[in-house]
Amino acid sequence: MTSTVAKGTKLAGKVAIVTASTDGIGLAIAKRLGQDGAKVMISSRKKEHVEGTVENLRKQNLDVAGTICHVGKSKDRESLVQETLKTFGGIDILVSNAAANPVFGPILDTSEEAWDKIFDVNIKSAFLLCKEVVPHMEARGSGAIVFVSSFVGYAPSELMGPYSVSKTALIGLTKAMSPQLAGMNIRVNCLAPGLIKTKFSEMLWKNPNTGFQQDFLNSIAMKRFGEPEECSGTVSFLVSDDASYITGETILVTGGIPARL
Ligand SMILES: NC(=O)c1ccc[n+]([C@@H]2O[C@H](COP(=O)([O-])OP(=O)(O)OC[C@H]3O[C@@H](n4cnc5c(N)ncnc54)[C@H](O)[C@@H]3O)[C@@H](O)[C@H]2O)c1
């Protein structure tokens, strides 16, 4: 199912950065923000993916540019910000979407190296990118940040323990940052998707006849997995003036998975 939401210009004049935006949920968000009028800086680790995505989105008349950014590298984070300022003249919106999950299995089997990678990419880099971006939002007089967490941040997956904890940490980071940022007229919120059909989650939804998949589907009120486009409207709402009195919150987009902290 694809989104049939009417598109508009509610983000006209805004400049957005979306990390890991050449595929999956990040791409759907970047596209939607562009369709809603924002200028969007596309980024991911691979040059060819960035170039291909920019070309594709420009063909759809969206105002986008692109740059490489491995969110765990401080030089890349700096150049993402500098490229955005140089190309579009400011930053109003940050969507921190990049995430890594190098391990599946019992949590106590996680190596220190894997633990560090998950927390570096999923939480520390998200925080450090905010630190980099916030002064530029402050200079514009306002801003909006969205972290992409997950439903497993509320209901930890037994096989993705450290990833789940990193996603819980993003929900906490959203709350922890909101009072200080409110003083700068910057809102910070969080999206917690359910199981969305992307490459990242392929092994969880692509084998239609496994018992696991059936059990999982049965636990979802709507009895289907989500599409990336079903996450993007929520992010566009959260960064728009329609959400002007919402900060520190996480919105679950899960088709109805019972998940609460
Ligand atoms: N697909 C789902 O079911 C699901 C569910 C809940 C949350 N999420 C979250 O949604 C976000 C997007 O995931 P997706 O499903 O679209 O999958 P995806 O694989 O398309 O997105 C994750 C992206 O992060 C990128 N990435 C990893 N390490 C990076 C780094 N160091 N620097 C820059 N980019 C890096 C990957 O290349 C990938 O493009 C992630 O934060 C993920 O945790 C996904």
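Ala, Val, Leu, Ile, Met, Phe, Trp, Tyr, Cys and Pro count as nonpolar; Asp, Glu, Lys and Arg count as charged; the others, Gly among them, count as polar. Helices are DSSP runs of H or I with at least four residues, strands are runs of E with at least two, and both are numbered from the N terminus.

Two conventions apply throughout. Residues are numbered from 1 along each chain as its sequence is written. The model is predicted, and local features need pLDDT of at least 70, side-chain atom pairs count only at pLDDT 80 or more, and totals for chains, interfaces and linings use all residues.

Helix α1 also packs on α8. Their axes come within 8 Å and cross at roughly 50°. Axes are lines fitted to C-alpha atoms, for helices over the stretch in contact, and angles run from 0 to 180 degrees between N-to-C directions. The two helices are therefore oblique to each other; angles under 35 degrees count as roughly parallel, over 145 as roughly antiparallel, 65 to 115 as roughly perpendicular and the rest as oblique. The crossing of α1 and α8 is right-handed, meaning that the near helix is turned clockwise from the far one by less than a right angle, with anticlockwise giving left-handed. From α1, the contact uses Ile 25, Ala 28, Ile 29, Lys 31, Arg 32 and Leu 33. From α8, it uses Glu 229, Cys 231, Ser 232, Gly 233, Val 235 and Ser 236. Two residues are in contact if their C-beta atoms, placed from the backbone, lie within 7 Å. The contact of α1 with α8 has 6 nonpolar, 3 polar and 3 charged residues.

Helix α8 is largely enclosed by the rest of the structure, because 7 of its 10 residues are buried. The buried residues of α8 are Glu 230, Cys 231, Ser 232, Thr 234, Val 235, Ser 236 and Leu 238. Their cover includes α1, β4 (93-96), β5 (143-148), β6 and β7 (250-253).

With α3 (residues 74-88), the angle is about 25° and the axes are 9 Å apart. That makes α3 roughly parallel to α4. Their crossing is right-handed. Arg 77, Glu 78, Val 81 and Leu 85 of α3 meet Leu 128, Leu 129, Glu 132, Val 133 and His 136 of α4. This contact of α3 with α4 divides into 5 nonpolar, 1 polar and 3 charged residues.

Against α5, helix α4 packs at an angle of about 20°, with the axes 9 Å apart. These helices are thus roughly parallel. Here, too, α4 passes α5 in a right-handed crossing. Among the contacting residues of α4 are Trp 115, Ile 118, Phe 119 and Phe 127. Those of α5 include Tyr 163, Lys 167, Leu 170 and Met 177. By class, the contact of α4 with α5 has 14 nonpolar, 2 polar and 1 charged residues.

Helix α5 also contains Pro 179. Pro 179 counts as exposed, with 11 C-beta neighbours inside 10 Å. The C-alpha atoms of Pro 179 and Thr 247 are separated by 8.6 Å, although the two are 68 residues apart along the chain.

Lys 199 lies in the loop between β6 and α6 (202-205). With 9 C-beta neighbours inside 10 Å, this lysine is exposed. Lys 199 touches Asp 23 and Gly 24, not counting residues up to four places away in sequence.

Most residues other than glycine have a negative phi. Asn 185 has a positive phi of about 65°. Asn 185 is found in the loop between α5 (161-182) and β6 (186-193). With 14 other C-beta atoms within 10 Å, Asn 185 is partly exposed. Lys 223 also has a positive phi, near 55°. Lys 223 sits in the loop between α7 (211-218) and α8 (229-238). Lys 223 counts as exposed, with 10 C-beta neighbours inside 10 Å.

Technical notes: A residue is buried if 20 or more other C-beta atoms lie within 10 Å of its own, exposed if 12 or fewer, and partly exposed in between; C-beta atoms are placed from the backbone.
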